Amino acid sequence: MVKIRLRRTGKTKQPSYRIVVADSRSPRDGKFIETIGYYLPTRQPKVLEIKADRARYWLGVGAQPTDVVVKLLKRVNVLDEQGKVIAEA
């Protein structure tokens, strides 16, 4: 199964994350298929950048987002409150 999940980067106690599409069997920081965005929670204000068209594509072909990624996708209006994909305007 293909998952959309976070991949941790950055130094100790200064995390930054890449939002990647990866096989569910690969390790957290291991092999991935595509990077679709990044999230910097330590910056003020927090920085979140996601390629919405690529996220919609992967969700359309059956990729399963993790719980944290669902919250991030809702924040950038890729998913609605019920977790369904919002069509492009």
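Okay, let's start with the core. The largest nonpolar core has 18 residues, and the ones touching the most other members are Ile4, Ile19, Ile36, Ile50, Leu72 and Leu73. If you look at which elements give two or more residues to this core, you get the strands β1 (2-11), β2, β3 and β4 (47-50), plus the helices α1 (52-60) and α2. The top contributor is α2, with four residues. Keep in mind that this is a predicted model.

Let me zoom in on two of those residues. Take Ile4 to begin with. Leaving out anything up to four places away in sequence, Ile4 touches Ile19, Val20, Val21 and Ile36, then Trp58 and Leu59, then Ala63, Gln64, Pro65, Thr66 and Val69.

Now over to Leu73, which sits in helix α2, residues 67-75. So, is Leu73 buried or exposed? Its relative accessible area is 0%, so Leu73 counts as buried, the cut-off being under 20%.

Last stop, a loop residue. Ser26 is in the loop that runs between β2 (14-23) and β3 (34-40). Ser26 comes out at 15% relative accessibility, so this one counts as buried too. What does Ser26 touch, once residues up to four places away in sequence are set aside? That would be Arg5 and Lys31. With Lys31 there's a polar pair to look at: a polar side-chain atom of Ser26 lies 3.2 Å from the backbone oxygen of Lys31.

Methods: Residues are numbered from 1 along each chain as its sequence is written. This is a predicted model: local features need pLDDT of at least 70, side-chain atom pairs count only at pLDDT 80 or more; totals for chains, interfaces and linings use all residues. Side-chain values use heavy atoms; hydrogens and water are left out. Buried means under 20% relative accessible area, exposed over 50%, partly exposed in between (1.4 Å probe, protein chains only). A polar contact is a pair of N or O atoms within 3.5 Å; within protein, one must be able to donate a hydrogen and the other to accept it, and residues adjacent in sequence count only if both atoms are side-chain atoms. Contact means heavy atoms within 4.5 Å. A nonpolar core is a set of buried Ala, Val, Leu, Ile, Met, Phe, Trp, Tyr and Cys residues joined through side-chain atoms within 4.5 Å.
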